Amino acid sequence: MEPLAVELVFDNLSDTLKKLKITAVDRTEDSLEGCLDCLLQALAQNNMETSEKIQGSGILQLFASLLIPQSSCTAKIANIIAEVAKNEFMRIPCVDAGLISPLVQLLNSKDQEVLLQTGRALGNICYDSHSLQAQLINMGVIPTLVKLLGIHCQNAALTEMCLVAFGNLAELESSKEQFASTNIAEELVKLFQKQIEHDKREMVFEVLAPLAENDAIKLQLVEAGLVECLLEIVQQKVDSDKEDDVAELKTASDLMVLLLLGDESMQKLFEGGKGNVFQRVLSWIPSNNHQLQLAGALAIANFARNDGNCIHMVDNGIVEKLTDLLDRHVEDGNVTVQHAALSALRNLAIPVVNKAKMLSAGVTEAVLKFLKSEMPPVQFKLLGTLRMLIDAQAEAAEQLGKNVKLVERLVEWCEAKDHAGVMGESNRLLSALIRHSKSKDVIKTIVQNGGIKHLVTMATSEHVIMQNEALVALALIAALELGTAEKDIESAKLVQILHKLLADERSAPEIKYNSMVLICALMGSESLHKEVQDLAFLDVVAKLRSHENKSVAQQASLTEQRLTVES
């Protein structure tokens, strides 16, 4: 267009706006339509400047009364609002002009052009505003839009408008319950099955992912057949190097894992371990595709969320698949795959009946290969897996507890101040090695490698479980190898710590009980005995004789006798 013509459009704009005000009152549709066309033309030329003029003219308030289903101009007005609301500075004025309510009413229209422009207008006005989107949700737009998607699935532009709206609204927690009470799962799966182009599928994926965070919707998606679609995509794309295909494979397999995070959806797909889905996921683990190995291992970790599933999987050879996978990732391995496979093994090791089977399948050997890892997430899962495996398994605990390389690494990780998780798990595993093996050799190994001070620190943890585990391990050390540990116990100031724990009213009953058991055990050492005498333990213990907890009161009496006899 020549510069002259643009000038003309803008000269005409003021006239148009004046004329619009008059025709809006008369409601003469033909002349109204002409004015609206002029506005659309001006917006196409220079949206920002035109929007400013529209705002100044007060015409927005008029639009609110013109947005009526019967009028032939409604689609154009909605289109103008959509164009104007592309500018951030125009969004609040649109709200103040009262445009939201009439626009929401128009979503019940049968006219596809009106629906499309209305959807655009609402989307632009509410863009990036959680409070306005929440208002739309309260006005009931979700069920209306889901219905529209079902009715107009042949109209690509309308379908896209609905998907964009769902994508924005699904980010709000308040939307999930509303979505769950519609048949959105069915509609999206139907739509997904029809899409051939990558971009279109990608749009549906972007709505599915936030919705699938809701457990009720997870189950609906599973029942609507989404999993079969995802498995098909994986099968089609697994051998392709094309960027789009790689991205789609990742999205599909990630979504598959997300669906397994819900208890009901997971159990439905497990089908007693006979399910087609479970079998297909199993086949991902030995594949050569890292993304599929990762998704497969994460899926197994999710299936392994209850004892029944864990027992079934271990009996059916899952452990070998996972240890083989780990073996492929020892040297320069993929950290996310290592982490996922270890997570699966840790969960599988929780049921008592699985521990011995997993130990004899060589899980400890496979896991210990990652002792050299410098990645905290991998260290954390490695420790958790070993701790689960040795629970009540004396022989395995003894074998690991005498493994100097392991104990050295544990003592090193007990000082990992930057990684509280790794630090906590290392302490707990040190204690577990002693508690489950009750072995002098294990205690000697731990003492020789400087483990005592960490167990003593652990006795002051803010977590009662960890305090308790430490106290029980220390009592075993005092009973079995006091001579070896004496010096380290002294320099770690254990006696003073026990005095504090007993005197502190906030200490849990089991902490008080185990602290007294430990005091009695420490009396076997001359130097520690002297420390006990120097601190007024008798006073603290005597007070505990009247403790409301029977075991604590009994142990206080025994400890008091012991202290009196030995003094």
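**View 1. Lys218 sits in helix α15, residues 215-223.** Helices here are DSSP runs of H or I with at least four residues, numbered from the N terminus. This is a predicted model, where local features need pLDDT of at least 70, side-chain atom pairs count only at pLDDT 80 or more, and totals for chains, interfaces and linings use all residues. Residues are numbered from 1 along each chain as its sequence is written, and side-chain values use heavy atoms, with hydrogens and water left out. Is Lys218 buried or exposed? With 3% relative accessibility, Lys218 counts as buried (buried is under 20% relative accessible area, exposed over 50%, partly exposed in between, with a 1.4 Å probe and protein chains only). Setting aside neighbours within four places in sequence, Lys218 is in contact with Ala212, Glu213, Leu258, Leu259, Leu261, Gly262 and Ser265; contact means heavy atoms within 4.5 Å.

**View 2. Here's Ile300, in the largest nonpolar core.** Such a core is a set of buried Ala, Val, Leu, Ile, Met, Phe, Trp, Tyr and Cys residues joined through side-chain atoms within 4.5 Å. Of its 194 residues, Phe63 and Ile300 touch the most other members. Helix α32 (residues 464-491) gives the most to this core, with 12 residues. Not counting residues up to four places away in sequence, Ile300 touches Phe278, Leu282, Ile285, Met313, Ile318, Leu322, Ala344 and Leu348.

**View 3. Helix α32 meets helix α34, residues 509-522.** Their axes come within 9 Å and cross at roughly 5°, which makes α32 roughly parallel to α34. Axes are lines fitted to C-alpha atoms, for helices over the stretch in contact, and angles run from 0 to 180 degrees between N-to-C directions. Angles under 35 degrees count as roughly parallel, over 145 as roughly antiparallel, 65 to 115 as roughly perpendicular and the rest as oblique. Among the residues that meet are Leu471 and Leu482 in α32, and Ile511 and Leu518 in α34.

**View 4. Helix α36 (residues 537-544) packs with helix α37 (residues 550-566).** The angle is about 150° and the axes are 8 Å apart, so α36 and α37 are roughly antiparallel to each other. On the α36 side, the residues in contact include Phe537 and Leu538, and they meet α37 residues including Val552 and Leu563.

**View 5. Lys438 lies in the loop between α29 (420-437) and α30 (440-448).** Its phi is near 45°, a positive value in a residue other than glycine. At 52% relative accessibility, Lys438 counts as exposed.

Conventions
Helices (H or I, at least four residues) and strands (E, at least two) are DSSP runs, numbered from the N terminus.
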